[in-house]
Amino acid sequence: MNQEKPQPRKKGTPDFQLLILTFLLVGFGLVMVFSASSSLTISSSKFHNDPLLFTKKQFIWAILGTFVMFIAMNIHYSKYKKLFVPMFFVTVIFLLLVPFTKGINGASSWLQIAGLGIQPTELAKITIILYLSALISKKGERFRDLRTGYIPVMVIVGFVAGLIMMQPDLGSTLILVATSAIIIYAGGASLKHMLGSAALLVLGASLVLGANYLIKSLTHSDVPQTQSTNYKIGRITAWIDPFKDPEDTGYNLIQALTAIGNGQVTGTGFGKSIQKLNYIKNPYNDFIFPVLAEEFGFIGTSLFLLVYIYFIWRGILIALRCPDPFGTLVGIGIMGLFAIQAFVNIGGVSQTIPLTGVTLPFISYGGSSLLVMMFAMGIMLSISRSVNQPAKQEVVKSVNVKRDYRRSV
């Protein structure tokens, strides 16, 4: 019997359903950014009367994001067990610098790097997913121990969440903490430990906010602390009753609800939203979902949500099929991030939960968000390649066994 040469190890194919769904959502996002922004930019000299201004910017970020996604897809996901270390270091530095920048509505969330506006909180979301997944998978059964397993993980989550609260950015903090909770629970943490740490995180957030106010006062910030506080309280009161202050705190929510109502069953038609015409502020960003609902109606919105849900379900299925605990936790964390952020955005503009000012992944205008989300999908596609790899290897192995058997007979 001749000795068969060992078969070279081939990379598995990426999950094409997930890849196609990603491109569909990104493409639809570009279409919605054009629809939501063109009427504003064409009529304003501030935007050079260019109807494609935001669309072109988003398209450039989409091209860059596609490039990053394909690079990440061709890096074996296991390498991120080490790559997250420099990512975490850079993220922490950026988050430490952000509170000293000029704020908007009492929040400082952006850094200007090489003329580009970078939002470090977006990078922090994927970094914490990789960090927690690596740490939990490394600890294994020891993670269930409160002192040596669970507490070190929660210290990291609390530290990063605290840095984000210093901006302060409550919405991103809640998303990061909720995503971390999903990974921690999937990693086998005790529910009792998680409930106890939730109380500690609330206490820690309160202390960080106090420190933030002190920093602002020492740096002589030009944004009064009362403005920041009133802005956040206003979002709570607007959620409870937006019509109590329709000209100020409840204005955006009222316009969003009006847009959703105007859509009715079939919608007003693409590009025919009324509320985007200087009624909804920044309709191409956090409030893009009401524009979508108004133009496509209940039927179109339901179809969009079904595609989005299937996209998330497909990613979770791939994560659960991964034989490596690290890959499973990373996949669950990434798709959990998409689900939570989409819920927070849509829930806020539909008065389901208080407004927090976060983007709708892939759909809202925002370069940092789109780039990081496509990078995350590159990691997911890398996981899918490893999931598809064992099946192919088993087929090759089976064929070799049959050949050996026939030759021996």
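Guide: Start with a term. Buried means under 20% relative accessible area. Also keep in mind that this is a predicted model.

Visitor: Fine. Which residues are buried in H6?
Guide: Gly171, Ser172, Thr173, Ile175, Leu176, Thr179, Ser180, Ile183 and Ile184.

Visitor: And how many residues does H6 have?
Guide: H6 covers residues 170-186, so to speak 17 residues. From first C-alpha to last, H6 reaches 24 Å. That is close to the 24 Å expected at 1.5 Å a residue.

Visitor: What comes just after H6?
Guide: Gly188, with a positive phi of about 100°.

Visitor: Let's switch to H2. What span should H2 have, and how far apart are its end C-alpha atoms?
Guide: H2 runs over residues 53-73, which is 21 residues. At 1.5 Å a residue they should span 30 Å. The end C-alpha atoms are 30 Å apart, so the two values agree.

Visitor: Which H2 residues are buried?
Guide: Leu53, Phe54, Thr55, Gln58, Trp61 and Ala62 are among them.

Visitor: What about Asn278, where is its phi?
Guide: Near 65°, a positive value in a residue other than glycine. Asn278 sits in the loop between helix H9 (251-263) and helix H10 (288-321).

Visitor: Is Asn278 buried or exposed, and why?
Guide: Exposed, because its relative accessibility is 63%. The cut-off for exposed is over 50%.

Visitor: And Phe362, what is its phi?
Guide: Near 75°, again positive and again in a residue other than glycine. The loop that holds Phe362 lies between helix H11 (325-349) and helix H12 (367-408).

Visitor: Is Phe362 buried or exposed?
Guide: Buried. Phe362 has 3% relative accessibility, so it falls under the cut-off.

Visitor: Zoom out. How many helices and strands are in the chain?
Guide: The protein chain has 12 helices and 2 strands. From the N terminus the order is α-α-α-β-β-α-α-α-α-α-α-α-α-α.

Visitor: What share of the residues is buried?
Guide: 48% of the 409 residues in the protein chain.

Visitor: Last one, on contacts. What share joins residues at least 24 apart?
Guide: 75%, counted among contacts between residues at least 6 apart in sequence.

Definitions and conventions: Residues are numbered from 1 along each chain as its sequence is written. This is a predicted model: local features need pLDDT of at least 70, side-chain atom pairs count only at pLDDT 80 or more; totals for chains, interfaces and linings use all residues. Side-chain values use heavy atoms; hydrogens and water are left out. Helices (H or I, at least four residues) and strands (E, at least two) are DSSP runs, numbered from the N terminus. The expected span of a helix is 1.5 Å times one less than its number of residues. Buried means under 20% relative accessible area, exposed over 50%, partly exposed in between (1.4 Å probe, protein chains only). Contact means heavy atoms within 4.5 Å.
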